[in-house]
Amino acid sequence: MKVLANDGLDQSGIDALKEKGFEVITTKVAQEFLVDYINEHKIQTLLVRSATQVRKDIIDNCPSIEIIGRGGVGMDNIDVDYAREKGIHVINTPSASSESVAELVFAHLFSGARFLQDSNRKMPLVGDTDFAGLKKAYTAGIELKGKTIGIVGMGRIGQEVAKIALGLGMRVIAADSNVGRASIKVKFYNNQFINVDIETEPLQDVLKHSDFITLHVPAQKDGYMIGKNEFEMMKDGVAVVNCSRGGVIDEEALIEALDSGKVRFAGLDVFINEPTPSKKILSHPKISLTPHTGASTLEAQDRIGLSLAEQISSILQIQ
């Protein structure tokens, strides 16, 4: 029984699968050679992250495949419905990386609030010759405590963001057309906790009233969720973070809003043209940048690997 983890798999997942008798292959096969490789090696389970595309051509031409697994939440790189119509199991790990993505949101928020994305570029260049000038340039930082964070999308990740925000003393508002109320349980290290119910609001209200906006929605099929009109609704000096999917934000409109001062800063983990983001985005001094690493923590990768191994073993009824 062969598993091809084409975008890699954490060692804990590999070990768990091997214990069940699977042969785990972690060779990275180029997209154009994937069908031939799967058929040659009679792969039963294909595991991917966000890089490998599993479309109809693979589903139709690889009869050995029984399971397609996505290490992570979004499955927009897989033709899920079509695969299931063909009798293939499609699985993912929706909760394994939620905490990691939520923490990255706040890494971007803290970075932008204190100019870290810019000071980390300039300190190595002129920190020894213009220390006083840089210190003066970064005196207008802001605090998160007491501010309003608007969470667009109150799924697992959005709720993890809410927990951190509440712990920081922020006011949390949210928009989600599929969730009317979210019950947030904030746990503390000593087993104490608080419960907070958050009623979702229309998107326009969240955009108007938030000091910080963070997006946790699927890839958009019908244009941008946040474009020029949405930026105009926002407060002056708002900050925007996108750790969901590229294409949720109109990047040209974002640059315009940053340059005008409408948006104080942005944090981006995802981009329209991955893996070749816009040079304008990459070089903008008001944008904190990461290369789609929301789930890239040791803890999340461990949970993803174990979750996939457990689901695969269950489907194939291996004890």
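Trainee: At what angle do helix H5 and helix H8 pack, and how far apart are their axes?

Mentor: H5 (residues 98–113) and H8 (residues 156–167) pack at about 50°, with axes 8 Å apart. Axes are lines fitted to C-alpha atoms, for helices over the stretch in contact, and angles run from 0 to 180 degrees between N-to-C directions. This is a predicted model, where local features need pLDDT of at least 70, side-chain atom pairs count only at pLDDT 80 or more, and totals for chains, interfaces and linings use all residues. Residues are numbered from 1 along each chain as its sequence is written, and side-chain values use heavy atoms, with hydrogens and water left out.

Trainee: Why are H5 and H8 called oblique to each other?

Mentor: Set the angle of about 50° against the classes. Under 35 degrees is roughly parallel, over 145 roughly antiparallel, 65 to 115 roughly perpendicular, and the rest oblique. H5 and H8 are therefore oblique.

Trainee: Which residues make the contact?

Mentor: Contact means heavy atoms within 4.5 Å. H5 brings Ser98, Glu99, Val101, Ala102, Glu103, Val105 and Phe106. H8 brings Arg156, Ile157, Glu160, Val161, Ile164 and Ala165. They divide into 8 nonpolar, 1 polar and 4 charged. Ala, Val, Leu, Ile, Met, Phe, Trp, Tyr, Cys and Pro count as nonpolar, Asp, Glu, Lys and Arg as charged, the others, Gly among them, as polar.

Trainee: What makes E7 and E13 edge strands?

Mentor: Their sheet is open, with 6 strands in the order E7-E6-E10-E11-E12-E13 and parallel pairing. Strands pair if DSSP finds at least two bridges between them. E7 (171–175) and E13 (287–289) each have a single partner strand, so one side of each lacks a neighbour in the sheet. Helices (H or I, at least four residues) and strands (E, at least two) are DSSP runs, numbered from the N terminus.

Trainee: How do you know that E6 and E10 pair?

Mentor: DSSP must find at least two bridges. Strand E6 (residues 148–152) and strand E10 (residues 212–215) are joined by 4 and run parallel. In one of them, Ile149 has Phe212 as its bridge partner.

Trainee: Why is Leu46 called buried?

Mentor: Buried means under 20% relative accessible area, exposed over 50%, partly exposed in between (1.4 Å probe, protein chains only). Leu46 has 0%, so Leu46 is buried. Leu46 sits in strand E3 (residues 45–48). Not counting residues up to four places away in sequence, Leu46 touches Leu4, Asn6, Ile38, Val54, Ile65, Ile67, Ile68 and Gly69.

Trainee: Where does E3 stand in its sheet?

Mentor: The order is E2-E1-E3-E4-E5, open, with parallel pairing. The edge strands are E2 (23–25) and E5 (89–92).
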